[in-house]
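Hi everyone, thanks for coming. Please have a look at the sequence and the structure on the screen, and then I'll walk you through some side-chain contacts.

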Amino acid sequence: MRIRKFFGVAAATAILATGMVGFASTAANASTQNTLTASSPDWEDDSWGAYYSKNHKAKAKGWIDVDYYDDEDNKVRVGGKLWDYDHSNKKCAYVVFRYTKWSDHEDDWYTDYVSYKECGWDKKFSFTRYDVSQVQVKVCQIDKWSSYPYKCGYWKDIYNAYDDDYGYDEDYWDEH
């Protein structure tokens with residue numbers, strides 16, 4: 001909230017100082033989040049995070065884009081950045097994504113994971129999956145030579161097809 005207010009005040013000051021009307025519309029559009037209407041089958045680019053490990057020594061923030069082709073046929077792209085704030089030679093930042101896929105027409109579910117580790121400063125990441133109904137993220141710390149994360153934050157939904165906020169509507173596909 002503070003950041004939005006700060007940028008709003010900064011934008012207003014810049015407009016008054018320079019009298020640039022075009023800048024005002026650009027600043028207003030930049031602060032507006034993309035939303036999905038029930039009539040559109042595509043989830044627009046949207047950001048998630050920042051999420052932290054329990055001790056705030058690791059941070060992840062990013063974006064998600066979902067394109068629907070049919071009822072349970074979509075392409076989900078997730079990307080972002082992982083920060084390691086510990087800066088020790090032994091501990092690293094760790095982000096793990098849990099995603100659930102529609103596997104067939106009998107409502108069977110398939111869950112899998114994607115994870116990234118950064119020891120030092122920061123790291124960009126991205127992945128793509130198909131036929132995904134839910135994506136969650138959790139940020140942790142992990143020892144440099146270990147495969148067991150600790151100091152994990154909570155699982156956060158960054159996409160859930162059945163959540164009204166994400167605009168997926170099974171009835172839409174029945175009508176089209």
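Let me start with a term: buried means under 20% relative accessible area, exposed means over 50%, and partly exposed is in between, with a 1.4 Å probe and protein chains only. Please keep in mind that this is a predicted model, where local features need pLDDT of at least 70 and side-chain atom pairs count only at pLDDT 80 or more, while totals for chains, interfaces and linings use all residues. Residues are numbered from 1 along each chain as its sequence is written, and side-chain values use heavy atoms, with hydrogens and water left out.

Now to the charged pairs. Side chains of opposite charge can pair when their charged atoms come close. The cut-off here is a side-chain nitrogen of Lys or Arg within 4 Å of a carboxyl oxygen of Asp or Glu, and that is called a salt bridge. How many salt bridges does a search of the whole structure find? The search gives 3.

One of them joins aspartate 65 and arginine 77, at 1.8 Å from N to O. This pair links distant parts of the chain, with aspartate 65 in strand β2 (residues 58-70) and arginine 77 in strand β3, 12 residues apart. Strands here are DSSP runs of E with at least two residues, helices are runs of H or I with at least four, and both are numbered from the N terminus. Aspartate 65 counts as buried because its relative accessibility is 6%, whereas arginine 77, at 23%, counts as partly exposed.

Arginine 77 also forms a salt bridge with aspartate 67, and there the closest N and O atoms are 3.1 Å apart. Aspartate 67 lies in strand β2 and arginine 77 in strand β3, so this pair ties together parts that are 10 residues apart in sequence. Aspartate 67 is buried, at 18% relative accessible area. Put together, Asp65, Asp67 and Arg77 are linked in a network of salt bridges.

Then we have lysine 81 and aspartate 122, whose closest N and O atoms are 3.9 Å apart in a salt bridge. Lysine 81 is in strand β3 and aspartate 122 in strand β6, so the pair ties together parts 41 residues apart in sequence. Lysine 81, at 25% relative accessibility, counts as partly exposed, and so does aspartate 122 at 37%.

On to the rings. A pair of aromatic rings is described by the distance of the centres and the angle of the planes. Rings of Phe, Tyr and Trp (its six-membered ring) pair if their centres lie within 6.5 Å; planes under 30 degrees apart count as stacked, over 60 as edge-to-face and the rest as tilted. By this rule the count is 7 aromatic pairs. Among them, tryptophan 48 and phenylalanine 97 are edge-to-face, 5.7 Å centre to centre with 80° between the planes. Tryptophan 48 sits in strand β1 (residues 43-52) and phenylalanine 97 in strand β4, 49 residues apart.

Is phenylalanine 97 buried or exposed? Phenylalanine 97 is buried, with a relative accessible area of 0%. The rings of phenylalanine 97 and phenylalanine 125 have centres 5.6 Å apart and planes at 55°, so that pair is tilted. Finally, one aromatic cluster is formed by Trp48, Tyr51, Phe97, Tyr116, Phe125 and Phe127.
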